[in-house]
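I opened my notebook to get to know a new structure. Here is what I looked up, entry by entry.

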Amino acid sequence: MADEVPNPQEMINIDHRPPATGWMDTPTVLRKGIYCYAGNPKSLEYVGLPNPRQWHPEDDDWKLPENWVEIVLDGLRDRLDRFRSLKIFMDICVRCGACADKCHYFIGSGDPKNMPVLRAELLRSVYRKDYSLAGKILGKTVGARKLTYQVLKEWWYYFFQCSECRRCSVFCPYGIDTAEITILARELMNLLGLNIDWIATPVANCYRTGNHLGIQPHAYVDMLDFFCDEIEDVTGVRPKPTFNRKGAEILFITPSGDVFADPGTYTAMGYLILFHYLEQMGLDITWSTYASEGGNFGFFTSHEMMKRLNAPRPSAWGSSGSWAANAATCGG
Ligand code: SF4
Ligand code: SF4
């Protein structure tokens, strides 16, 4: 992603002193190497996400629909009605700061807008302007601001820097879950076709092949066969995995990275060895090549996408008549 990688000395030189200006008056500069590239329009199109087009984060014009403000504010209203948690999280933060130094993106960047409390405030300030009486009357005095193009760009930059790890929520005395705020902010941006390609293309791949790497069933089988060769070379014992076997007791789904790249491949070989012995003890396990992603990349896009990408799992479990076993990662 970054063309120039800073040296270790530069990397540990992180300035945690806040800027002299208040957060609303500190302009956001989209830094190369920090932002991710825009979602590929083909990937957006594949799953029917709105406004697929070529655009670049450093462009002035992000090619948004003309009524983008209306789309976002309507989307926010809809989500405030549907998600009680969102409404509560928008209203109850007391700015105690307990979460401030818990985010690794703040620790690693020194950028105050990466503090969970301030990340949430990026959305909360717009909520306050349109949905609270004090915000409507007193505006900036009570931390309210209008949704402008610059605010939207700031959302995109910071909400896609949150990995939705939920670490900050563990430290919040009110249980505010900034990851959930991030998820909903991204839902709003996806209404305008604002995604990143680290997410958009894995989502499209999951929808097409059942896993984010785009591995097709026959390739999946080949890869596991190759691991069995390796295990046999080292141990003299060859595991004999089965695939999509109807009636097996357990249908196993693992993150596709485990069958594709090191060090995940060692985990997959570990599973094969483990299952070989468990099967000798009476457990009956089969691997799924169709529901072949233990993660759920829909989690990084919207609740709707989460459901769509999850659909192959229950259907695979249902059609095989098996119990489920899911080794989860990345939103899984
Ligand atoms: S959920 Fe987001 S804001 Fe909270 S600690 Fe994780 S990355 Fe940071
Ligand atoms: S810990 Fe919770 S209440 Fe305190 S500032 Fe963070 S989000 Fe707000």
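**Around the ligands**

I began with ligand 1: of the 15 residues around it, Cys-103, Pro-116, Cys-162, Cys-165 and Cys-168 come nearest. By "around" I mean that a residue's C-beta atom, placed from the backbone, lies within 6 Å of the molecule. α6, α9 and α10 are the elements that give two or more residues to this shell, and α10 gives the most, with three residues. Helices here are DSSP runs of H or I with at least four residues, strands are runs of E with at least two, and both are numbered from the N terminus. By class, I found seven nonpolar, three polar and five charged residues in the shell around ligand 1. For these classes, Ala, Val, Leu, Ile, Met, Phe, Trp, Tyr, Cys and Pro count as nonpolar, Asp, Glu, Lys and Arg as charged, and the others, Gly among them, as polar.

A note to keep in mind: this is a predicted model, where local features need pLDDT of at least 70 and side-chain atom pairs count only at pLDDT 80 or more, while totals for chains, interfaces and linings use all residues. Residues are numbered from 1 along each chain as its sequence is written, and chains are lettered from A and ligands numbered from 1 in the order in which they are written.

Next I turned to ligand 2. The residues around it include Cys-93, Cys-96, Cys-99, Cys-172 and Pro-116. Its shell divides into ten nonpolar residues, one polar and one charged.

**Helix α10**

I wanted a closer look at α10, which covers residues 178-190. Its 13 residues reach 18 Å from first C-alpha to last, close to the 18 Å expected, taking 1.5 Å times one less than the number of residues. Is α10 enclosed or open? Ten of its 13 residues are buried, so α10 is largely enclosed by the rest of the structure. Buried means 20 or more other C-beta atoms within 10 Å of a residue's own, exposed means 12 or fewer, and partly exposed lies in between, with C-beta atoms placed from the backbone. Among the buried ones are Ile-181, Leu-184, Ala-185 and Met-189. The buried residues of α10 pack against α3, α4, α6, α8 and α9.

**The cores**

The largest nonpolar core has 52 residues, and Leu-123, Trp-155, Trp-156, Ala-185 and Val-203 have the most contacts inside it. Such a core is a set of buried Ala, Val, Leu, Ile, Met, Phe, Trp, Tyr and Cys residues joined through C-beta atoms within 7 Å. I noted that α6 gives the most to this core, with seven residues. I then followed Trp-155: leaving aside its neighbours within four places in sequence, Trp-155 is in contact (C-beta atoms, placed from the backbone, within 7 Å) with Leu-122, Leu-123, Ala-185 and Met-189. A second, separate core of 13 residues includes Val-259, Met-269, Tyr-271 and Ile-285.

**The whole chain**

Stepping back, I counted 16 helices and three strands in the protein chain. Buried residues make up 34% of its 332 residues. An automatic or database assignment divides the chain into domain 1 (8-195) and domain 2 (209-326). Their C-alpha centres lie 35 Å apart, and five residues of domain 1 are in contact with four of domain 2.

Note on methods
Two residues are in contact if their C-beta atoms, placed from the backbone, lie within 7 Å.
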